[in-house]
Amino acid sequence: MDFHKLMLYVNILGICLPVALTYLVIASIITGQQVFPLTIVGLAFGYAIMIKRNVLFQELLNKWFKKDK
């Protein structure tokens, strides 16, 4: 497998996993299940890494919020 293709898949997973964990936490709160502190720490860590280090996420943000003049 090509290295760039592998990194693309890693970056896609780096976006999907924090978003899915957010929905999992919200569903757990709504249904009254226990939300573990490690889940919240992992969620914060996932979003921090996604915002700071994920090249694909940064490119998507630039594309979506680019001001056309």
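Begin by selecting Ser28, which touches Gln33 and Val35 when residues up to four places away in sequence are not counted; contact here means heavy atoms within 4.5 Å. The model is predicted, so local features need pLDDT of at least 70 and side-chain atom pairs count only at pLDDT 80 or more, whereas totals for chains, interfaces and linings use all residues. Residues are numbered from 1 along each chain as its sequence is written, and side-chain values use heavy atoms, with hydrogens and water left out.

**Helix α1**

Ser28 lies in helix α1; helices (H or I, at least four residues) and strands (E, at least two) are DSSP runs, numbered from the N terminus. With a relative accessible area of 11%, Ser28 is buried. The terms are set as follows: buried is under 20% relative accessible area, exposed is over 50%, and partly exposed is in between, with a 1.4 Å probe and protein chains only.

Just after α1, select Gly32, where phi is positive at about 80 degrees.

**Helix α2**

Next, select residues 37–53. This is α2, with 17 residues and a reach of 24 Å from first C-alpha to last, close to the 24 Å expected. Which residues of α2 are buried? They are Leu43, Gly46 and Met50.

**The loop residue Asn54**

Asn54 is in the loop between α2 and α3. Is Asn54 buried or exposed? Its relative accessible area of 4% makes Asn54 buried. Neighbours within four places in sequence aside, Asn54 is in contact with Asn11, Gly14, Ile15 and Ile49.

Display α2 and α3 together. Their axes come within 6 Å and cross at roughly 70 degrees; axes are lines fitted to C-alpha atoms, for helices over the stretch in contact, and angles run from 0 to 180 degrees between N-to-C directions. α2 and α3 are therefore roughly perpendicular to each other, on a scale where angles under 35 degrees count as roughly parallel, over 145 as roughly antiparallel, 65 to 115 as roughly perpendicular and the rest as oblique. On the α2 side the contact is made by Met50, Ile51, Lys52 and Arg53, and on the α3 side by Val55, Phe57 and Gln58.

Then display α1 with α3, whose axes come within 8 Å and cross at roughly 70 degrees. This pair is therefore also roughly perpendicular. Here Leu8, Asn11, Ile12 and Ile15 of α1 meet Val55, Leu56, Phe57 and Leu60 of α3.

End at Leu60 in helix α3, which counts as partly exposed at 26% relative accessibility. The C-alpha atoms of Leu60 and Phe36 are separated by 31 Å, with the two residues 24 apart along the chain.

Conventions. The expected span of a helix is 1.5 Å times one less than its number of residues.
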